[in-house]
Structure formats: structure tokens, C-alpha cells
Amino acid sequence: SIEQRLQTQLITVADGGLIELPEGNFMFTKSLAMDGKSNITIKGKGADKTILSFKNQTEGAQGLLISNGNNITLEDFSIEDAKGDNLKVSEVNGITLRRINSVWADGPKTENGAYALYPVLCKHVLIEECVAMGSSDAGIYVGQSDSVIIRNSKAYWNVAGIESENSRWVEIYGNEAYENTGGILVFDLPGLTQYGHSTKVYNNKVYDNNHENFAAKGNIVASIPPGTGFMVLATHQLEITKNEIRNN
């Protein structure tokens with residue numbers, strides 16, 4: 001069973017190791033987790049060839065959880081249909097997400113998980129050439145993190161396409177955010193571990209963000225009105241330049 005084998009690899013892989021995911025569409029019933037590892041690469045055969053599906057998940061809050069590590073790279077696979085967040089990364093110093101497709105395959109639903117790509121409390125974050133679709137909160141999200149780059153990625157059919165919350169030294173560029181409720185959001189909320197600042201948002205295409213808001217009631221993003229290209233709230237040292245913003 002790849003489910004048992006992959007979880008065993010995530011536990012036993014030595015620092016500096018490589019976990020190669022085979023080609024195929026694999027169904028999981030439980031969350032996968034890797035904790036306390038350094039200099040690890042998890043690599044599939046391509047986002048259209050290696051698919052980790054949690055559609056039949058019965059245990060756990062995430063699809064894949066990476067925590068308390070250093071210099072972790074995930075690339076070239078898809079993760080789908082987790083009951084909670086598809087891919088959560090917590091307290092990792094150096095996380096790269098490259099050519100990861102994170103989606104709910106049936107499209108936008110309130111029952112979908114909150115976040116497709118969800119680094120929180122991380123440092124040195126790179127998200128590039130990824131796709132996020134179907135999140136009932138934010139597709140590509142970074143929270144309470146430092147030194148972040150989000151580039152050349154696509155977010156559509158989410159409540160919030162791309163979201164930077166309480167994060168510092170963030171660059172968001174070369175992305176497409178379309179057919180979400182809101183395209184790109186940069187804001188701070190009170191009572192968290194840090195406040196955000198120093199964010200640059202440039203050379204993005206933000207268009208057709210008119211989708212109905214399907215967030216769960218009480219969620220902060222449930223207040224985003226459909227038709228929002230950019231939403232900026234309670235942050236500072238923010239530059240929004242050279243973006244194409246249309247039909248919102």
C-alpha cells in the first residue's frame with residue numbers, strides 16, 4: 001500500500017534524503033505528516049502524473065502536513081480533496097513549493113477545505129508555478145511568515161485567490177488570480193504572533209474575480225464582496241505596481 005509506505009518514508013527518511021513519488025492516482029484515507037526533518041525533497045513525476053487524492057479521507061485535518069523542518073522542497077505532484085487543508089506547512093525555515101497543483105476536483109463548494117497551499121509561521125518561503133483551485137478560504141495563502149516569494153502561479157475558483165496575512169518581506173509577482181470572489185488580498189488581523197509589513201505586489205493579472213462567496217459563515221473572508229480585484233486591510237509598507245486589474 002502506498003499509503004503505509006509513504007507515511008513510513010516520511011517518518012524514517014534521513015536528513016538530506018529524497019522521497020520519489022511514483023506516477024499514478026493514489027487514494028488516501030488518513031493524513032500524511034512529516035515532522036522535524038531537514039534538507040528533504042519530495043518529488044513526483046509531474047502534477048498531471050502523480051496525484052495524491054484524499055477524497056476518501058476518514059482521519060486527520062490535512063492532506064499533507066510538513067512541520068518543524070528546515071529546507072524542505074515539494075515539487076511535481078498534485079494533492080486533492082482533503083477534508084481540511086490540502087497542504088499545510090508550519091514552522092519550517094526554508095520551504096519551496098514548485099509545480100504543485102492543489103485542488104478540490106469538484107470545484108467551488110462551502111464543504112471544501114479552507115486552504116489549498118497553506119504555509120504559516122514559516123521563513124524563506126518560495127511558491128512558484130503552482131495551481132490552487134476550490135478553496136473555501138484562500139487558494140495560495142501565507143500567514144505570519146517572513147521572506148516570502150509567490151510567483152508564476154495560478155489561483156481560480158477560490159474565495160480568496162492569493163492571500164498574504166500578517167507576513168513580512170513578501171513579493172507577489174507574475175501570478176494570475178481569476179474567477180475567485182477576491183483576487184489578491186493583503187491584510188493584518190489583530191492578536192496574532194506578528195504584524196505584517198513590506199509587501200510588494202507587481203506584474204500580476206487580476207481579472208474576472210466575480211465568483212459568489214462560498215466561505216463558511218463567520219469566516220473572515222466571508223465578508224469579501226464578489227467583484228473584488230484587490231483587498232488591502234490594516235497593513236503598511238505596501239506597494240502595488242504594474243498589475244493588470246480588469247473585469248472585477
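A charge sits over a ring if NZ of Lys or CZ of Arg is within 6 Å of the ring centre and within 35 degrees of the ring normal. Arg-246 meets this description, lying over the face of Tyr-207 at 4.6 Å from the ring centre. The model is predicted, and local features need pLDDT of at least 70, side-chain atom pairs count only at pLDDT 80 or more, and totals for chains, interfaces and linings use all residues. Residues are numbered from 1 along each chain as its sequence is written, and side-chain values use heavy atoms, with hydrogens and water left out.

Tyr-207 also belongs to an aromatic cluster, together with Tyr-156, Trp-157 and Tyr-178. Rings of Phe, Tyr and Trp (its six-membered ring) pair if their centres lie within 6.5 Å; planes under 30 degrees apart count as stacked, over 60 as edge-to-face and the rest as tilted. By that rule the structure holds 8 aromatic pairs. One of them joins Tyr-115 and Tyr-141, a tilted pair with 4.6 Å centre to centre and 50° between the planes. This pair links distant parts of the chain, since Tyr-115 is in strand 10 (residues 115-120) and Tyr-141 in strand 13 (residues 138-143), 26 residues apart. Helices (H or I, at least four residues) and strands (E, at least two) are DSSP runs, numbered from the N terminus.

Burial is expressed as relative accessible area: buried means under 20%, exposed over 50%, and partly exposed in between (1.4 Å probe, protein chains only). Tyr-115 is buried at 12%, and Tyr-141 is buried at 3%. Another pair, Tyr-156 and Trp-157, is edge-to-face, with 5.5 Å centre to centre and 65° between the planes. Trp-157 is partly exposed, at 33% relative accessibility.

The next residue to look at is Asn-158, in the loop between strand 15 (154-156) and strand 16 (160-165). Its relative accessible area is 0%, so Asn-158 counts as buried. The side chain of Asn-158 reaches the backbone oxygen of Tyr-156 at 3.0 Å. This is a polar contact, meaning a pair of N or O atoms within 3.5 Å; within protein, one must be able to donate a hydrogen and the other to accept it, and residues adjacent in sequence count only if both atoms are side-chain atoms. Contact in general means heavy atoms within 4.5 Å. Leaving aside neighbours within four places in sequence, Asn-158 is in contact with residues including Ala-132, Met-133, Gly-134, Glu-179, Asn-180 and Phe-214.

Strand pairing comes next. Two strands pair if DSSP finds at least two bridges between them. Strand 7 pairs in the parallel sense with strand 9 (residues 93-103) over 9 bridges, and Ser-78 stands opposite Asn-101 in strand 9. Strand 9 also runs parallel to strand 11 (residues 123-128), joined by 5 bridges; there, Ile-95 has Val-125 as its bridge partner in strand 11. A parallel pairing over 3 bridges connects strand 9 to strand 12 (residues 131-133), where Val-131 is the bridge partner of Asn-101.

Further along, strand 14 (residues 146-151) and strand 17 (residues 168-173) pair in the parallel sense over 5 bridges, with Tyr-173 in strand 17 as the bridge partner of Arg-151. Strand 17 is in turn joined by 5 bridges to strand 20 (residues 197-202), and the two run parallel. Here Glu-171 stands opposite Lys-200 in strand 20.

Two strand residues have backbone angles to note. Most residues other than glycine have a negative phi. Asp-76, however, has a positive phi near 65°. Asp-76 lies in strand 7 (residues 70-80) and is buried, with a relative accessible area of 9%. Trp-169 has a positive phi of about 55° although it is not a glycine. Trp-169 lies in strand 17 and is partly exposed, at 45% relative accessibility.
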